Amino acid sequence: MDISQTRILIKGGKVVNEDVSFVSDVYIENGKIAEIGPNLEVPDGVRVIDATDKLVMPGGIDTHTHMELAFMGTRAVDDFYIGTKVTPLTGRHCV
């Protein structure tokens, strides 16, 4: 697997935690946050995402989802079966 697929640097975003927010970098390795801090030095070949003027919420949960929602002639991809099955596995949605 390519290093850029397993290591990601989210650079210069406003990191928001439950008690504080600050501009910082977030380095992710193998799907886990390895380090948070300003101007992090990381290995060459790391995928870099510019988060300037964006919020970065490590471990954040998307509490607003649409399942089976009809909208302008389309329908949301997730149905209630898939949406409720995936939620406990990913921790990314509240149902």
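**Reading the core and surface of a predicted model**

The chain has two helices and seven strands. Helices (H or I, at least four residues) and strands (E, at least two) are DSSP runs, numbered from the N terminus. This is a predicted model: local features need pLDDT of at least 70, side-chain atom pairs count only at pLDDT 80 or more, and totals for chains, interfaces and linings use all residues. Residues are numbered from 1 along each chain as its sequence is written, and side-chain values use heavy atoms, leaving out hydrogens and water.

Q: In what order do the elements of the chain run from the N terminus on?
A: They run α-β-β-β-β-β-β-β-α.

Q: What share of the residues counts as buried?
A: Buried means under 20% relative accessible area, exposed over 50%, partly exposed in between (1.4 Å probe, protein chains only). Here, 20% of the 95 residues are buried.

Q: Which residues make up the largest nonpolar core?
A: In soluble globular proteins, nonpolar side chains tend to be buried together. A nonpolar core is a set of buried Ala, Val, Leu, Ile, Met, Phe, Trp, Tyr and Cys residues joined through side-chain atoms within 4.5 Å. Here the largest has seven residues: Ile8, Ile10, Val15, Val26, Ile28, Ala51 and Val56. Strand E1 (7-16) and strand E2 (21-29) each give two or more. E1 supplies the largest share, three residues.

Q: Which residues is valine 26 in contact with, leaving aside neighbours within four places in sequence?
A: Contact means heavy atoms within 4.5 Å. Valine 26 touches Ile8, Leu9, Ile10, Val15, Ile33, Glu35, Ile36, Leu40 and Val56.
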